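Please look at the model shown here before reading on. Keep the sequence at hand as well.

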Amino acid sequence: MTWLVQSRLLNDPFSDPGVYLDVRFGRRALLFDLGDLGRLSAREVMRVSDAFVSHTHMDHFGGFDRLLRLCLHRPAPLRLVGPPGIVDQVEHRLRSYTWNLLGSDAVDFRLIVHEVEADRIARSAEFRSREAFRRRGHAPPALAPGRVLDEEAFRMETVALDHGIPSLAFALVEPVRVNVLQGALEAQGLPVGPWLAEAKRAARRGAPDETRIAVADGVTVALGALRETVLRLGPGQKVAYVTDAADTPENAARIVALARGADHLFIEAAFLEADRDVAARTRHLTAARAGALARAAGARHLTTFHHSARYLERPGAVEAEARAAFRGEGPTGAASDERT
Ligand SMILES: [Zn+2]
Ligand SMILES: [Zn+2]
């Protein structure tokens, strides 16, 4: 089975947060948060179609300029999803630069910003380079509650967490995985071609067995026959991203629901349990709590980040505490999920 996306932390866990999601076969990538993007190549940055911003504290949004700088001359639009206030903030950022050089012969780069309130996109705006990024109205997409992107192959879910301000957590969900078995394709004497994409789409939709798929001129095959031989359906991938959240029962419930069954959970672990008072004051999770939440959600893989610089002298300590809780070990393990 091949994964829909390959995900990785942008920086070491003590540096600014961000996760790069490379969409396979799509020449496309997604970003969770816009911290320091300096380690991404220009080519990687230019593949980003959508960026999902938890909140606009500088460590999560400071990379916006690099993203804009590199995407400025590309024809494909860039979509940004973020918390309440992000449309105004992006507008202010754009107005802090001079745009007289982007005339009518320049590519009309479009930046579309969606603002999430509670569990939905409440307002949107568009900024076009040829208009010197003057703000213009944009109709918010009509999506189910809790979704900020809904495409054929995957969707993006969100919940708002309490960090003193709203901090959005996200989960990329691939509802169904459809793989093509090359060997079976050859055995059936079927050619490789664009028809496979159509067959995968139909399978993903759950179209009836008798649906005819056009393989070549005048040649069609029933979807049911393809399901039995060439196509393999399985559970899809889920990648969740959780950061900057106070340790409250409401946040815990939302995190566990969002990350339930995730193949990979990226979750902040700012402080050690021994410094719980600092974590509470700054509305961050401790490593033990991050591990316990990952365990409660049944996540398969765990990556922690956003470690406080106070632990630079013992860099493995934070991750070790989170891992122990993830395995259900120690006094701050799974049992602490019941704490209110
Ligand atoms: Zn923050
Ligand atoms: Zn932060």
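The model is predicted, so local features need pLDDT of at least 70 and side-chain atom pairs count only at pLDDT 80 or more, while totals for chains, interfaces and linings use all residues. Residues are numbered from 1 along each chain as its sequence is written, chains are lettered from A and ligands numbered from 1 in the order in which they are written, and side-chain values use heavy atoms, leaving out hydrogens and water.

Donors are N, O and S atoms within 2.8 Å of the metal (3.2 Å for Na, K and Ca); water is not among the atoms, so sites may look incomplete.

| Ion | Protein donors | Donor distance | Angles among donors |
|---|---|---|---|
| zinc ion (ligand 2) | D59 (OD), H60 (NE2), D244 (OD), H306 (NE2) | 2.1 to 2.3 Å | 85 to 167° |

Four donors count as tetrahedral if all angles lie between 85 and 135 degrees; four count as square planar and six as octahedral if opposite donors are over 155 degrees apart and all others between 65 and 115; anything else is irregular.

Which residue bridges the two zinc ions? It is D244, and the ions lie 3.4 Å apart. The donors of the zinc ion (ligand 2) are spaced D-H-x183-D-x61-H in sequence. Distant parts of the chain are linked here: D59 sits in helix 2, while H306 sits in the loop between strand 18 (301-305) and helix 11 (317-326), 247 residues away. Helices (H or I, at least four residues) and strands (E, at least two) are DSSP runs, numbered from the N terminus.

Buried means under 20% relative accessible area, exposed over 50%, and partly exposed in between (1.4 Å probe, protein chains only). H306 counts as buried because its relative accessibility is 14%. D59 has 21%, so D59 counts as partly exposed.

Helix 4 spans residues 86-95, and its buried residues are I86, V87, V90, E91 and L94. They lie on the same side of helix 4 because they cover an arc of only 140° around the axis. The arc is that of the directions from the helix axis to the C-beta atoms. The face turned away from that side carries exposed H92 and R95. The cover over the buried residues of helix 4 includes helix 2, helix 3 (64-71) and strand 5 (78-82).

In helix 8, the buried residues are N251, A252, I255, V256, L258 and A259. They fall within an arc of 165° seen down the axis, so they line one face of helix 8. Strand 16 and helix 10 (287-297) are among the elements that cover them. After helix 8 comes G261, with a positive phi near 70°.

**A strand residue**

S7 lies in strand 1 (residues 5-9). Leaving out residues up to four places away in sequence, S7 touches V19, Y20, L21, V239, H264 and F266. Contact means heavy atoms within 4.5 Å.
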